[in-house]
Amino acid sequence: MQFEVLAKCHTTRARVSRMRLAHGVTMLPTFMPVATQAAIKGLTPQQVEALGVNLILNNTYHLNLRPGIEVLKEAGGAHKFQGWNHNLLTDSGGFQLVSLSKFTKITEEGALFASPFDGEPTMLTPEESISIQHAIGADIIMQLDDVVPSLTVGPRVEEAMWRTVRWLDRCINFHQKSGRDDVQNLFAIVQGGLEPDLRDKCLDEMITRKDRVAGYAIGGLSGGEEKDIFWRVIKQCADSLPEDRPRYSMGIGFAEDLLVCVALGVDMADCVFPTRTARFGVALTRNGPLNLRLGKHATDMRPIEEGCPCPTCSSGTTRALLNHTATLETAAAHAITQHNLVFQARVMGGAREAIMSGTFPQYLKDFFSNYFGDAGYPGWCVNALKSVGVDLLEGRPDTKVIPGDGAKWEYSDAA
């Protein structure tokens with residue numbers, strides 16, 4: 001990996017970087033669509049490439065179960081298997097310790113899974129996770145971490161944090177002995193739950209291993225914790241992590257979350273949100289999400305978003321047609337998925353351009369004004385951005401501040 005910081009925001013901790021990997025250059029900050037099973041649901045690799053995406057995520061745990069490592073080896077790795085010629089990141093399988101917890105037993109050796117398909121037991125050790133990721137051939141591979149639900153408290157959080165550190169050492173040792181560390185880049189994952197002292201301890205341990213890892217991820221969030229706690233953990237980690245390594249916030253997908261994380265110093269994020277929500281008929285726009293299933297869109301002959309360059313909008317596909325077909329025809333899911341991925345790319349691309357031109361604080365103010373409008377700003381976003389010098393309420397004395405996560409959704413035709 002070659003990682004170079006090209007520009008920094010003069011106010012926030014946002015930055016633009018160039019990350020060169022074996023399958024090309026990815027400009028940061030960026031959003032990574034999730035192709036869990038070696039496919040972005042509903043799209044071909046050629047369609048994803050045409051949207052301007054050049055870094056996606058596969059899941060180690062799921063690909064190990066199906067199609068299995070032997071098939072991937074026979075194919076020559078996951079790039080060739082799925083027909084993807086650009087950069088690829090693999091999650092280690094650690095998140096499945098939470099999402100499939102009823103099938104899992106954690107020991108110091110590793111995680112013993114019962115397959116959700118046939119009940120067959122599988123032991124996923126740190127070494128096995130890296131071995132699987134070697135077979136997959138991803139450009140960025142993640143350490144196996146001991147993940148606990150975000151809201152967990154008590155001794156289990158500290159136990160998981162220290163085990164994550166020990167498992168990192170095992171991942172590093174196996175990876176370096178394999179001779180693959182010149183083509184596949186290992187990232188460490190910072191754990192510690194919502195407890196600042198544990199996060200600090202984990203950060204200290206991870207940073208001492210800086211010369212043996214290519215980048216860092218912030219894990220253990222986006223699991224139902226309060227957003228006012230979420231951003232403080234992100235800031236704590238981003239403030240401490242080395243300047244010359246990429247910083248990846250795992251499981252982040254809402255537009256407001258992405259921009260706050262970028263302002264706090266995060267370079268990369270991933271989430272199933274834009275593709276999953278598309279399959280429910282929800283399109284993402286700069287004026288907030290559109291629930292295209294609502295009756296108010298049934299006679300609307302406008303595209304999802306005027307001026308959007310995605311294939312759906314630029315071809316003239318109307319909101320009315322999507323209202324007619326959303327959740328009923330797969331073509332609608334494909335069309336909205338393409339739009340949503342372009343929306344995410346435009347949000348992050350706009351951030352990069354604004355950082356380079358020195359206008360990122362104004363970009364944030366304009367985005368939040370358009371996105372939330374008169375609905376009011378989420379209080380946590382106001383607090384988070386104020387911590388890095390951006391006052392969203394400046395010049396807007398009448399803007400409401402909404403407690404809680406403040407997410408904006410269309411729930412009814414009256415919305």
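**Exercise 1. Determine which residues Ser92 touches in this predicted model, leaving aside residues up to four places away in sequence, and state whether Ser92 is buried or exposed.**

Solution. 
Step 1. List the contacts. Ser92 touches Thr60, Leu124, Ser129, Gln133, Met142, Gln143, Leu144 and Asp145, once residues up to four places away in sequence are set aside.
Step 2. Locate the residue. Ser92 belongs to the loop between strand S6 (87-91) and helix H5 (96-99).
Step 3. Classify the accessibility. The relative accessible area of Ser92 is 0%, and the residue is therefore buried, the cut-off being under 20%.

**Exercise 2. Describe how helix H10 (residues 255-264) and helix H15 (residues 360-372) are arranged, and name the residues through which they meet.**

Solution. 
Step 1. Take the axes. Those of H10 and H15 come within 11 Å and cross at roughly 165 degrees.
Step 2. Classify the angle. Because angles over 145 degrees count as roughly antiparallel, H10 and H15 are roughly antiparallel to each other.
Step 3. Assign the handedness. The crossing in which H10 passes H15 is left-handed.
Step 4. Name the interface. From H10, Ala255, Glu256, Leu259, Val260, Val262 and Ala263 meet Phe360, Tyr363, Leu364, Phe367, Phe368, Tyr371 and Phe372 of H15.

**Exercise 3. Explain why helix H16 (residues 379-386) is described as largely enclosed, and state what covers its buried residues.**

Solution. 
Step 1. Count the buried positions. Of the 8 residues of H16, 6 are buried, which means that the helix is largely enclosed by the rest of the structure.
Step 2. Name them. The buried residues in H16 are Gly379, Trp380, Cys381, Val382, Ala384 and Leu385.
Step 3. Find the cover. It includes helix H9 (227-240), H10, H15, strand S17 (377-378) and strand S18 (401-402).

**Exercise 4. Characterise the position of Glu128 and its separation from Cys171.**

Solution. 
Step 1. Glu128 is part of helix H6 (residues 126-136).
Step 2. With a relative accessible area of 34%, Glu128 is partly exposed.
Step 3. Glu128 and Cys171 are 43 residues apart along the chain, and their C-alpha atoms are separated by 8.9 Å.

How values were computed
Residues are numbered from 1 along each chain as its sequence is written. This is a predicted model: local features need pLDDT of at least 70, side-chain atom pairs count only at pLDDT 80 or more; totals for chains, interfaces and linings use all residues. Side-chain values use heavy atoms; hydrogens and water are left out. Helices (H or I, at least four residues) and strands (E, at least two) are DSSP runs, numbered from the N terminus. Buried means under 20% relative accessible area, exposed over 50%, partly exposed in between (1.4 Å probe, protein chains only). Contact means heavy atoms within 4.5 Å. Axes are lines fitted to C-alpha atoms, for helices over the stretch in contact, and angles run from 0 to 180 degrees between N-to-C directions. Angles under 35 degrees count as roughly parallel, over 145 as roughly antiparallel, 65 to 115 as roughly perpendicular and the rest as oblique. A crossing is left-handed if the near helix is turned anticlockwise from the far one by less than a right angle, and right-handed if clockwise.
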